[in-house]
Amino acid sequence: MTLDNILEEIKKAQTIILLTHEAPDGDAIGSTLAMKTALKTLGKESDVIIKEFPRTFEFLPNAKEIKQESEIKKYDLAVSLDCTDLRRLVGREYFEEAKRTIVIDHHGTNSMFGDINFVNPVAPACCEILVGMLTYFNIEITKEIGTCILTGIITDTGGFKNQGTTSETFEFTAELLRKGVKVSEIYRKVLEIKTRGNFELLKRTLNRMEILENGKVAFTYITNQDEEEVNIEIGDHEGLVEEGRRIEGVEVSIFIRQKNHEDSYKVSMRSNSYVNVSDICYVFGGGGHPKAAGCLIQGNIEQVKEKLLKEIRKVI
Ligand code: AMP
Ligand code: MN
Ligand code: MN
């Protein structure tokens, strides 16, 4: 069974590296740190490489041990968490050089780029996959590991509200509460508190939000100039795409963010019920989940908007 193989690889490895996707969110960071902490209980040290670390997640156990790069070039084992494909993986070179590789993920569009792939598209967060995995490995989910895992679950389920949220999610959360994990404190830290930069971007994105296609599509954007004017920090764009889909009648919310001062935009899409935004993003080389997905598109704001609307019109 895949899980037995994963445990075997972990036990065999002397050097382990844990990696995740670019622009890491709570699930990306939560799952790598949960894994790092869990591996310690097996007597295994591991390196975590995350290059753009949002300040919001500094409170997580072992966050201080995260590195930007490593002196080891060839690891015995590389594990990718919460990442769809090699192109989005930060520290890709370590993964490509590693003797053995494992992919643990919950994206339906995962390209299965590891020697062993453990992908469950039904899991609401990569962190939720770890609950089952660690239990199977007989690793106790301590307060520290639970804090990391719950962070990923809370951020990827939008605070237990997305449809993917399972009964296990609540059962696990209840168990963590009993163990002393500060659920409401984590919730507030990762979802409620806005940085000043995020708040300033929110004002701009709301002001310029367009409601299109008979009220079914919300569209907004930020440019590199906006980011400079409000002095953003890493991660300040998180959550902005959620605003559009809260508007009555809106099925698809689009938020685009300029990349590198070029005519190139990182697209975030969310839907409410029937549009599969992952399929739309897939057309542009991206992917994600049916109701939350992303991609990168070339062009200016109007061109990117038109390209997306052309695809959306087919299904809306
Ligand atoms: P975001 O809008 O960046 O929060 O991403 C929404 C979901 O889509 C997340 O699960 C991402 O991991 C995934 N995603 C975002 N961009 C891409 C991409 N270019 N390729 C594949 N998956 C993506
Ligand atoms: Mn993620
Ligand atoms: Mn995720």
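How far apart do the C-alpha centres of domain 1 and domain 2 lie? In this predicted model, the separation of those two centres is 26 Å. Local features are taken at pLDDT of at least 70 and side-chain atom pairs only at pLDDT 80 or more, whereas totals for chains, interfaces and linings use all residues. Residues are numbered from 1 along each chain as its sequence is written, chains are lettered from A and ligands numbered from 1 in the order in which they are written, and side-chain values use heavy atoms, with hydrogens and water left out.

The protein chain is divided into domain 1 (2–192) and domain 2 (196–312), with bounds that come from an automatic or database domain assignment. Their contact (heavy atoms within 4.5 Å) takes 15 residues from domain 1 and 14 residues from domain 2. The size of an interface is often given as the accessible area lost when the parts come together. Here the buried area (accessible area, 1.4 Å probe, that two parts lose on being put together, summed over both) is about 1,000 Å², and carbon and sulfur atoms give 44% of it. On the domain 1 side, R55, T109 and Q163 lose the most area to domain 2, together 36% of what that side buries.

Both domains also take part in the shell around ligand 1, each giving at least three residues. There are 14 residues around the ligand (one heavy atom within 4 Å of it), and R88, H107, S268, R270 and G287 come nearest. By class, the shell holds three nonpolar residues, eight polar and three charged; Ala, Val, Leu, Ile, Met, Phe, Trp, Tyr, Cys and Pro count as nonpolar, Asp, Glu, Lys and Arg as charged, and the others, Gly among them, as polar.

The distance is 3.0 Å for a polar side-chain atom of R88, 3.3 Å for one of K266 and 2.9 Å for one of R270. Taken alone, ligand 1 exposes 480 Å², and the protein buries 87% of that, by the Shrake-Rupley method with a 1.4 Å probe. Two or more residues of the shell come from each of β9 (264–271), β10 (287–289) and β11 (292–298), these strands being DSSP runs (E, at least two residues) numbered from the N terminus. The most comes from β11, with four residues.

Conventions:
A polar contact is a pair of N or O atoms within 3.5 Å; within protein, one must be able to donate a hydrogen and the other to accept it, and residues adjacent in sequence count only if both atoms are side-chain atoms.
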